[in-house]
Each structure stands twice: as structure tokens, then as C-alpha cells.
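Reader: I have a sequence and a set of coordinates, and I would like to learn how to read them. Can we take the features in turn?

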Amino acid sequence: MYDFHYLRPATIDEASRLLATEPDAKPMSGGMSLLPAMKQRLSRWSAIVDLGGVAGLDEIRMEHGALVIGARARHVSVLSSSVVRAAIPALAELAEGIGDPLVRNRGAIGGSVANADPAADYPAALLGLGATVVTNRREIAADDFFTGLFETALEAGEIITAVRFPVPKRAAYAKYRHPASRYAVVGAFVAETAEGVRVAVTGAASHVFRVPAFETALSKSLSLDALAGVTPAYGDLNADLFASSEYRAHVIGEMVRRAVQACLHPSTPSRNA
Ligand SMILES: Cc1cc2nc3c(=O)[nH]c(=O)nc-3n(C[C@H](O)[C@H](O)[C@H](O)COP(=O)(O)OP(=O)(O)OC[C@H]3O[C@@H](n4cnc5c(N)ncnc54)[C@H](O)[C@@H]3O)c2cc1C
């Protein structure tokens, strides 16, 4: 690991100032992705601005009918929150399926969203639910946020402070997880919203994406029958030693089917062991 300054501001304003004045500074949530990259000398920062000392950044609350999750809310806080369970149970179940206990105890929603790992789970929920990313400068719709492989619309020095989720009528997340890493080989988030059904897929391409063919069919009828004969055309899908792109295309259909099933019958298991 290269030398760096460790800074622990107490407020977002102080964090913003540090990120603006330090020549090459990076914000940190739980450090679950940032620190391993630094340890392996894959990335180098002059200063780390630890958001762990910013009071209130881990708050989870309802605001004007929407669920607001603070950027420093750890996965374990989301999965165990009665507020999340009451508003969007699918989100708590998604958090429960992330990684292992260590990852869930340190990783946070803001870090996961900013990192934009192509196989991460939260991006599917943000896109599937039509969430809004709130930063220290502006608000960004999830549809405009995830721009590429580990790329987002965030500018240098911009800090995610919260994610705001509209509450859907029904929603479910189905994940086929990698047996070793627990990341999504493919994950599908299906949400019935006031404007129709949204379907977002993670793990299958360079970044999370929506599937209009499934959305149109499911908006007419949120049922398994509605999926019959729907065969979306995908762009470039990921291929690796574990899953070819053809296999991933097949698993997308299966995960969407399972998510729909879980919307209809919420006790249906929606991820592999
Ligand atoms: C072994 C392992 C298994 C995992 N399995 C899964 C899985 O199954 N599913 C899944 O979704 N994820 C998984 N993860 C990822 C995990 O959930 C973390 O959320 C992710 O690693 C990011 O870590 P973090 O939240 O601690 O953020 P950090 O590592 O602190 O930061 C990650 C990036 O986000 C930036 N950042 C952090 N906070 C903010 C902010 N508030 N505003 C702007 N930028 C910010 C940082 O500068 C950095 O670039 C796994 C991780 C590990 C190590």
C-alpha cells in the first residue's frame, strides 16, 4: 500500500472541503472495495476521507412516502431495518443476500452504488425501483446514474449522501449467485410501480440495465403467463469461465421468472444457496 493521509470529517461540508482541497482524495464508506485495491497497489490516493464519522449518514427513514437510506447505512442495517422491511421487503432480502457476514457488516449502500461493480446487487434495486441518488451537490435518477463498467455519473469530489426509493406496489429480487464470491452471476429486480413494471438486470453486462421487452409484457399483466414467448435481444453480455453469454441470457429469463413468482407469492425463495 502506498502512503496516504487518513482524514475523518464530522460533517458532509467538511468532507466536501477536504475532497476539494486535497490533491487526490477519495471518500470511503466501509473500505470493502477501496482498501483491497489500495493494498494491492491497483489504486493510489493521497488521502482517504472516511465518511464513518459523519453523523446521521447511516439513517434509514420514510420521507414524504419514500424510503430514504443514508449512504453509510451498512448492508446489515438495511437487512435488519423494520422500516425497510415494512416499505420494500425485497430490498431487505437483497441486502441479506450480499456477500458474507463480514461484507454485510462493513459494506454500505453508498459505497456499493458508487463502486458500480457490474455484479453488485444494489444497482438492480436502484434501477428496478426508479430510485434517486442524492449527493452533496444534486439528485441523480438511477436511470442516468450507472454509465459503464465501474462508472457512474458522479463527478470528482461528489459524495452520495442517501438513496431515495419510491415505494412500489410489489417488488422482488431473484439472484443466481456465484458460489465462491456470492456476487450476482445474474440478478433480476422486478417492481410493479405506479407507472408500470420495471425490470433491471445486474451481473450480466458491463453495467446494470433494464429490459423493455419484459417490462412491456409484465406491465400488461404481472404474471408468469405474460412472459411466455418473450425473448429479448440483448447487447453484449458478459462471458467468463463460470458462465457464457448464452448461459447468462438464459439465466436472465429464469431470474425474471423467479422474481415475478416471488412478487406473486412473496414466500418463494429467490436466490440459490
Ligand atoms: C468478499 C466480498 C464479497 C462481496 N459480495 C457482494 C455481493 O454478493 N453483492 C454485492 O452487491 N456486493 C458484494 N460485495 C461488495 C460489498 O457489498 C461492498 O458494498 C462494496 O465492496 C463497496 O464497499 P464499501 O461499501 O465498503 O465502499 P468502499 O470500499 O469504502 O468504497 C467503494 C467505492 O465507492 C466510493 N465511495 C464510497 N462511499 C461513497 C460515497 N458516499 N459517495 C461517493 N463515493 C463513495 C469510494 O471512493 C470507492 O471508490 C462484496 C465484497 C467483498 C469484499
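Author: We can. The model is a predicted one. Let us begin with its largest cavity, which holds about 30 Å³ of space.

Reader: How many cavities of 30 Å³ or more does the structure hold?

Author: One.

Reader: Which residues line the largest cavity?

Author: The lining is made of Ala116, Asp117, Pro118, Pro123, Phe146, Gly148, Thr202, His207 and Val208. Sorted by class, five of the lining residues are nonpolar, three are polar and one is charged.

Reader: Next, the nonpolar cores. Which residues touch the most other members of the largest nonpolar core?

Author: That core has 40 residues, and those with the most contacts to other members are Ile69, Leu91, Val113, Tyr122, Leu126, Phe165 and Phe189. Helix H8, residues 122-129, gives the most to this core, with six residues.

Reader: What does Phe189 touch, not counting residues up to four places away in sequence?

Author: Its partners include Ala90, Leu94, Ala124, Ala125, Gly128 and Leu129. Arg198, Val199 and Ala200 are also among the residues that Phe189 touches.

Reader: Take Arg198, then. Is Arg198 buried or exposed?

Author: The cut-off for buried is under 20% relative accessible area. Arg198 has 14% relative accessibility, so it counts as buried. The residue lies in strand S13, residues 196-202.

Reader: Which side chain makes a polar contact with the side chain of Arg198?

Author: That of Asp143, at 3.1 Å. With neighbours within four places in sequence left aside, Arg198 is also in contact with other residues, including Leu127, Thr193, Arg210 and Glu215.

Reader: Where does Ala200 lie, and why does it count as buried?

Author: Ala200 lies in strand S13. It counts as buried because its relative accessibility is 0%. Leaving out residues up to four places away in sequence, Ala200 touches Ala124, Leu127, Gly128, Gly187, Ala188, Phe189, Val208, Phe209 and Arg210. As for distance, 156 residues along the chain separate Ala200 from Arg44, and their C-alpha atoms are 33 Å apart.

Reader: What about Leu79: which helix holds it?

Author: Leu79 is in helix H3, residues 75-80. With a relative accessible area of 16%, Leu79 is buried. Beyond its neighbours within four places in sequence, Leu79 is in contact with Arg85, Ala92, Ala95, Glu96 and Arg104. Pro89 is 10 residues from Leu79 along the chain, and the two C-alpha atoms are separated by 8.8 Å.

Note on methods
Residues numbered from 1 in each chain as written. Predicted model: local features only at pLDDT ≥ 70, side-chain atom pairs only at ≥ 80, totals over all residues. Heavy atoms only, no water. Helix = DSSP H or I, 4+ residues; strand = E, 2+ residues; numbered from the N terminus. Buried < 20%, exposed > 50% of the residue type's maximum accessible area, 1.4 Å probe, protein only. Polar contact = N/O pair within 3.5 Å; in protein donor to acceptor, adjacent residues only side chain to side chain. Contact = heavy atoms within 4.5 Å. 1 Å grid on protein atoms, 1.4 Å probe; cavity = no way out; pocket = protein on both sides within 12 Å on 5 of 7 lines; lining within 4 Å. Points joined across faces, edges and corners; volume = space filled by probe spheres on them. Nonpolar A, V, L, I, M, F, W, Y, C, P; charged D, E, K, R; others polar. Core = buried A, V, L, I, M, F, W, Y, C linked by side-chain atoms within 4.5 Å.
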